[in-house]
Amino acid sequence: VKGIVFNLLEAIVVQQHGDAVWEALLDEAGVDGAYTSLGSYPDEQLFGLVAAAARKLGSSEAEVLRSFGRNAMAILAKRYPEFFDSQVSTQAFLLTLNDIIHPEVRKIYPGAEVPVFDFDTSSPGVLMMGYRSPRKLCALAHGFVEGAAQHYGEPLTFEHSQCMHRGDDRCVFRIAFN
Amino acid sequence: MAPDDAGQGPGGTETELGRLRRSLERERRARVEAESIAERGLRALYEKQQETLLLEAIAAAANEATSLRDTLQLAVDRICQYTGWPVGHVYFCNAGVSPALDLVPSTIWHVAHPTHFDAFRVLTEATPLAPGKGLPGRVAINGQPAWIRDVGTDSNFPRAAGAIEVGLRAACAFPVLTGPHVTAVLEFFSEATSEPNESLLGVMRQIGIQLGRVVERTRAQERLLYDAFHDHLTQLPNRALFMDRLQRAITRRTRYPRYTFAVLFVDLDRFKTVNDSLGHRVGDELLLEITRRLTGALRREDTVSRPAPGAGPEDTDNTLARLGGDEFTLLLEDIRHPSDAVRIAERIREVIAVPMNLGGQEVFASASIGIAVSTSVQGSGEDLVRDADIAMYRAKGLGGDRCAVFDATMHHRAVERLQLETDLRRALERHEFRLAYQPIVSFPDHRVIGFEALVRWQHPEQGELSPAAFLRVAEETGVMTRIDYWVLREACAAARQWQTRFPHDSPTSVSVNLSAHGFGRSDIVRQVADTLQETGLDPPILRLEITESVAMANAERARDILMDLRALGVRISLDDFGTGYSSLSYLQRFPVDTLKIDRSFVVGINQNEECREIIRTILNLAQSLGLEVIAEGTETAAQVHYLEGLGCRFGQGYFFSRPLPLDEIRALLLRGADDKDGVLILPKTASAS
């Protein structure tokens, strides 16, 4: 996992719960916490921090990831406004993930393992979004989608119709814009 | 959990803690700043690497390219791959062809989805652009890459509606430059609107230069290829290309037996005269003018002819070629009937006949045209061209300025003639020529006053041939001059022998004919002088005979040459007199000793009053000019009697003696030597038989 993910997590934890909580999470997960956005770090460190946060906050890991994704989007929008400004809606923005945003990610972080989404826009007002990744971070993706919708000020209904955690071979999100 | 509000401790600690916090915050900001600088650097590096890969790929392709089209296709594909833009296309610039068609859409495309952009494709391929018009037009005029943020809001993009329909918004384009010239424009389209990317435009500019190298190289190759198959002066196809097209026509005929074509062989009449008298520059101008007229005439033909079966669009034109010199050939494809070929040949003669002004001089040209039609032969392309050539020679032989269609008998005649020509060239080396001597006799005593040397060719297969059988070929091939000189030397040597062996007070003369070619040679006077010197012959014994028509053809020049010859001491006869329309004024000034009445008048004495009148006139004329007259072709006693009666003093013909071989002349001279007066009288019994 790229260091930027840890940086985002730290920023959100510190912002919402303060420095001490972040320090506590680091201790509990047994990591030293020196992350630079350009570095790569073992996946286990991220999962360890998420698990620690869930315990500390009395929440599920999925909820932590979803909340993380939702909050991270606001930070990303501030840091990389061009990807958000060039699109007019949540759906349009999500559709640029494969062709614009992830290729850009790879330019900056050579070797970054980004997921490939599949999209189906055949029903008006509904975006079917498929996700498949060995990290099974569908909850994070859920949060990112919600964060994007917040950015564009669009209410949405999110339905996690298939999930790898429930034994499906991939996750499918049915996202309806009202 | 509430945010941890640190800094609650005692004042000193609080201050220290606050300071540490600020310091930590600064460090954090510095790290984020450093990271974002690094990110920008990495991103720039990545893009630079991709650019380099793209440029390298295109430069490598450009270095190895043999086809411009393939290289452009590769460039369009690679650029679309690099930019992620779904559509790329090439316009070609045809500067100077037609202002309205300066930018012509090619069929070179990159499209990401096979059918999605079809409508735009069709629209583009139907949209040639004037300079300045649309995106390619702008690039063509400025020679610089250009970018359109959104074709929907651009004021100069004619294909906007079609582009928007298939979802294309941003566009950019760049020129392929050879030197300062834009030879093609590559255009690309994105599905999103997009701000100009200066870095990308820079890369495109460089790609345009790389592609320009390919244009230059392929053009040079095309030029070399073109030169190898075209005539330098007229830019018409040359023999090699003509034969190739002809071969294709022959192949087509084997597949489509009703397909008929014709080969026309066009040769200008008297082109050499134009070249010699007006100079090669004017000669070249003439050829260029003829080329323009022929292509013009054929272009009008093409508009009414139909394409050949199984022919591609490039095959429909008739092929006009220049084989060299003033020889043009024309391949008429898919004519309906052989008469079409004749009609076109006559049309060609018409356009050539229109007077032309060359170098301030009005020049009249005409052509002889030979026609060979594919129906008449089964042979090769070479055979067809040869047949058309033979027919052309036939047209020339009939006086030129006409057409002749090849038929098989012409081939026989041509082969015979070629054989004769070949034999004739060898005849001198093989000593196949002999001289016969016909006595010239005085009236009424029948005394021999001289001999006319007449050449005979002992042909190895055809036996003895008189000049009539080979004179024309000998003159046309230039062998005649050599024969003239051989006769001159042989006759002078013989006469010198007779002089030595049979010395006489009034020695018999020897007459030698000079052909038009021999007389026209600039070295004729020197040749005669040399021959006289080498043989040691007394000059007055030699009589040189030229025909009246040769003398009158260029009377001034003839007079000069005759004066020079006379200055050597030889005597001059005008042969075939009465047929050449002499100008009396010239005749007076010609240094001539003898007129020889043409045999046609002598033969006509008995039947034709007109002949008798002409003979009387010639005799009167000769008397008043103080010239001798010899009547040729005297065959009967009646003719001799009549001539004597008019005061003609000399004759020559079968009545007196046929031409005799050298040994019989010797015998004759030997008998004369026995005569007590040394007078040589022909035995009556030997003649008139």
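Two strands count as paired if DSSP finds at least two bridges between them. The model is predicted. In it, G370(B) has A404(B), in strand 12 of chain B, as its bridge partner. Strand 11 of chain B spans residues 367–373. Strands 11 and 12 of chain B run parallel and share three bridges.

Now widen the view to the whole sheet. Five strands of chain B form an open sheet in the order 7-8-6-11-12. The pairing is mixed. Strand 7 (319–324) and strand 12 (403–405) of chain B are the edges, each pairing on one side only. Neighbouring strands are turned by 20° against each other on average, direction ignored. Helix 10 of chain B, residues 338–353, packs on this sheet. Helix 10 touches strands 6, 8, 11 and 12 of chain B. Its direction makes about 165° with that of strand 11 of chain B.

Next, the nonpolar cores. The largest holds 80 residues. Y437(B), I483(B), L542(B), L544(B) and L565(B) touch the most other members. Helix 14 of chain B (residues 479–501) supplies the largest share, 11 residues. Beyond its neighbours within four places in sequence, I483(B) contacts L424(B), L428(B), F433(B), V455(B), F470(B) and A474(B). Another core, of 56 residues, lies apart; L94(A), I108(A), L127(A) and I175(A) are among its members.

Last stop: S573(B), in strand 18 of chain B (residues 571–577). Is S573(B) buried or exposed? S573(B) counts as buried because its relative accessibility is 0%. Leaving out residues up to four places away in sequence, S573(B) touches R543(B), L544(B), E545(B), I546(B), T594(B) and K596(B).

Terms used
Residues are numbered from 1 along each chain as its sequence is written. Chains are lettered from A and ligands numbered from 1 in the order in which they are written. This is a predicted model: local features need pLDDT of at least 70, side-chain atom pairs count only at pLDDT 80 or more; totals for chains, interfaces and linings use all residues. Side-chain values use heavy atoms; hydrogens and water are left out. Helices (H or I, at least four residues) and strands (E, at least two) are DSSP runs, numbered from the N terminus. Buried means under 20% relative accessible area, exposed over 50%, partly exposed in between (1.4 Å probe, protein chains only). Contact means heavy atoms within 4.5 Å. Axes are lines fitted to C-alpha atoms, for helices over the stretch in contact, and angles run from 0 to 180 degrees between N-to-C directions. A nonpolar core is a set of buried Ala, Val, Leu, Ile, Met, Phe, Trp, Tyr and Cys residues joined through side-chain atoms within 4.5 Å.
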